[in-house]
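Please prepare a short briefing on the structure below.

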Amino acid sequence: MSRNQLLPWYIGLIIIIIADGYLLAFRTDEGAAEFAQQTAMVVIPAVAFALMYLVFKSQK
């Protein structure tokens, strides 16, 4: 039985969608908080996809 190789991508995508949805739901009009939220919406997916890429590379 082979394992689905895209499972880490699906899990990562779900985590990113949940995190971004949370940040968008509680977004405020304050400048400092808005910058931090927008930064997190870029950093969270970048880190998640980088870690998933490293996992794929280590399996080969």
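**Helix H1 and the rest of the chain**

Isoleucine 15 lies in helix H1; helices (H or I, at least four residues) and strands (E, at least two) are DSSP runs, numbered from the N terminus. This is a predicted model, in which local features need pLDDT of at least 70 and side-chain atom pairs count only at pLDDT 80 or more, while totals for chains, interfaces and linings use all residues. Residues are numbered from 1 along each chain as its sequence is written, and side-chain values use heavy atoms, with hydrogens and water left out.

**Overall make-up**

- The protein chain has two helices and zero strands.
- Of its 60 residues, 18% count as buried (under 20% relative accessible area; exposed is over 50%, and partly exposed is in between, with a 1.4 Å probe and protein chains only).
- The accessible surface of the protein chain is about 4900 Å², and carbon and sulfur atoms account for 70% of that; accessible areas come from the Shrake-Rupley method with a 1.4 Å probe, and for residues only the protein chains shown count as cover.

**Helix H1**

- H1 covers residues 7-25, which is 19 residues, and spans 27 Å from its first C-alpha to its last, close to the 27 Å expected at 1.5 Å a residue (the expected span is 1.5 Å times one less than the number of residues).
- Buried in H1 are Pro8, Gly12, Ile16, Ala19, Asp20 and Leu23.
- These residues are on the same side of H1 because they cover an arc of only 95 degrees around the axis, the arc being that of the directions from the helix axis to the C-beta atoms.
- Ile14, Ile17, Ile18, Tyr22 and Ala25 are exposed on the other side of H1.
- Isoleucine 15 is partly exposed, because its relative accessible area is 49%.
- The C-alpha atoms of isoleucine 15 and isoleucine 44 are separated by 9.1 Å, although the two are 29 residues apart along the chain.

**Before H1**

- Leucine 6 is in the segment before H1, and its relative accessible area of 41% makes it partly exposed.
- Between the C-alpha atoms of leucine 6 and methionine 52, 46 residues apart along the chain, the separation is 9.6 Å.

**Helix H2**

- Valine 43 belongs to helix H2 (residues 31-59) and counts as partly exposed, at 42% relative accessibility.
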